[in-house]
Every structure is written in structure tokens, then in C-alpha cells.
Amino acid sequence: MSQNRSELILNLFKESNALLKGHFKLTSGKHSEWYFEKIKLIERPLVLEKIIDLLVEEINKEAPEFDYVVSPAYGGIAIGFLTALKLNKLFAFTQRVEEKMTVRSGFSGLDKSRAIIVEDILTTGGSIQEVLDCLQQKEVEVTGIYCLVDRSGGEVLIQGKPVRSLLSLKVEAYEPDSCPLCQQGLPLVKPGASDKK
Ligand SMILES: [Zn+2]
């Protein structure tokens with residue numbers, strides 16, 4: 001990926017306020033230079049649309065064959081829906097029912113079709129794996145897995161491969177004692193609590 005394209009992607013995430021750069025106190029107590037607030041990705045639809053246009057370019061480069069885009073609720077719904085709209089494909093979503101990831105009922109054409117999975121932010125890969133498992137139960141052939149941001153920096157493997165992402169960024173977390181940002185005297189910010197899993 002060219003430098004310009006990487007910068008464009010980074011700037012779009014900053015424009016959406018989903019990616020903040022500064023000096024943050026994480027819930028773990030460690031300090032970090034970057035903070036993600038993934039719900040922000042869907043707050044500005046026009047910015048999200050520009051991000052999805054770039055994702056669509058990546059998907060078109062690989063040209064997987066598929067009928068459906070499938071995403072996990074809730075954040076993934078807007079992202080997967082927009083991706084499906086741009087690619088003129090069908091859309092379905094999964095949701096957790098009593099902790100278990102399941103395909104929302106009513107998407108009757110999904111069984112035995114081909115699908116790609118689109119997720120917002122990959123952290124541990126847990127929810128993508130769960131989506132994959134429930135699609136396999138419906139004999140859906142998964143021909144591609146994509147996310148907007150891979151926070152593992154490519155370390156999380158699904159089916160033995162890193163997930164295709166627009167932005168791959170391993171976020172370093174520092175102990176307060178050895179935090180270079182503290183040493184620079186940057187003010188520490190505690191971001192608002194958000195739903196994390
Ligand atoms: Zn610090």
C-alpha cells in the first residue's frame with residue numbers, strides 16, 4: 001500500500017474521531033499513544049462512506065466470489081450494509097442470543113451461499129471466529145474476511161491467515177513508570193467508558 005493511501009486511511013479514521021492520538025490511560029491502567037472508540041466509526045456516515053469506499057477497493061482487488069456480506073451486530077451492521085450496497089451484494093448480520101453468536105433469522109437465502117465477513121475492529125479475533133463458526137453451520141462458504149482496523153497488527157490469525165484490514169496498527173501500552181509520553185510531560189487523558197469485549 002502506498003504511503004499516500006496509508007495516510008489517507010489514517011486521516012479518515014482520525015476525521016471520524018474513532019482513532020485518537022495523544023496520551024491515554026487505558027482501563028488496564030497502562031498508558032497508550034492511541035485510543036480507539038469504535039462506535040465513532042458509524043457516527044459520521046459521510047466519513048464512514050469514504051472509509052468503506054477504500055475497503056471496497058481492497059475487496060475488488062482480491063475479487064472473491066460471494067453473494068452475501070455478513071457482519072456481527074451492532075457496529076458491524078452499518079459497515080457491512082454499506083459494503084454490500086457498494087458492491088451490489090446481499091447483506092445479513094449475526095447477533096448474540098444468550099451469549100451465543102447466531103445468524104439473525106429471516107435471511108433465508110444465506111444457507112449454502114458464499115459470503116465474506118466484514119468486521120469493524122479486530123482485537124482478539126473472537127467475534128470473527130464466532131461469525132465464521134455460525135456460517136459454517138449453515139454450510140456457507142466463506143471466501144474472504146475483512147476488517148477496517150486490525151489492532152493486533154496482523155498477529156491474530158483466522159483460519160491460519162491474518163485478516164485483511166485497511167489499517168493494521170499494533171497499539172503499544174506502557175506501564176506508567178516507563179511511559180515515554182509521561183516523560184515528555186504530555187497531559188494524561190482518561191477516555192470515556194465505552195462498551196468493550
Ligand atoms: Zn504515560
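1. Basis. The model is a predicted one, in which local features need pLDDT of at least 70 and side-chain atom pairs count only at pLDDT 80 or more, whereas totals for chains, interfaces and linings use all residues. Residues are numbered from 1 along each chain as its sequence is written.

2. The sheet. Six strands form an open sheet with mixed pairing, in the order β5-β4-β3-β6-β7-β10; its edge strands, β5 (100-103) and β10 (164-168), each pair on one side only. Neighbouring strands of this sheet are turned against each other by 20 degrees on average, direction ignored. Strands (E, at least two residues) and helices (H or I, at least four) are DSSP runs numbered from the N terminus, and two strands pair if DSSP finds at least two bridges between them.

3. Pairing of β6. On one partner, β3, the strand β6 runs parallel and is joined by 3 bridges, with Y68 opposite A115 and V69 bridged to I116. With β7, β6 pairs in the parallel sense over 8 bridges, and there I116 has G144 as its bridge partner.

4. Helices on the sheet. The helix α3 packs on the sheet, touching β3, β4, β6 and β7, and its direction makes about 165 degrees with that of β3. The helix α4 lies across β3, β4, β5, β6 and β7 and runs at about 165 degrees to β6; angles run from 0 to 180 degrees between N-to-C directions, with axes as lines fitted to C-alpha atoms, for helices over the stretch in contact. Together, β6, α4 and β7 make a right-handed β-α-β unit, that is, with the strands pointing away from the viewer, the path from the first strand over the helix to the second runs clockwise.

5. Not counting residues up to four places away in sequence, I116 touches I59, P64, F66, V69, V142, T143, G144, I145 and Y146, a contact being C-beta atoms within 7 Å.

Notes. Contact = placed C-beta atoms within 7 Å.
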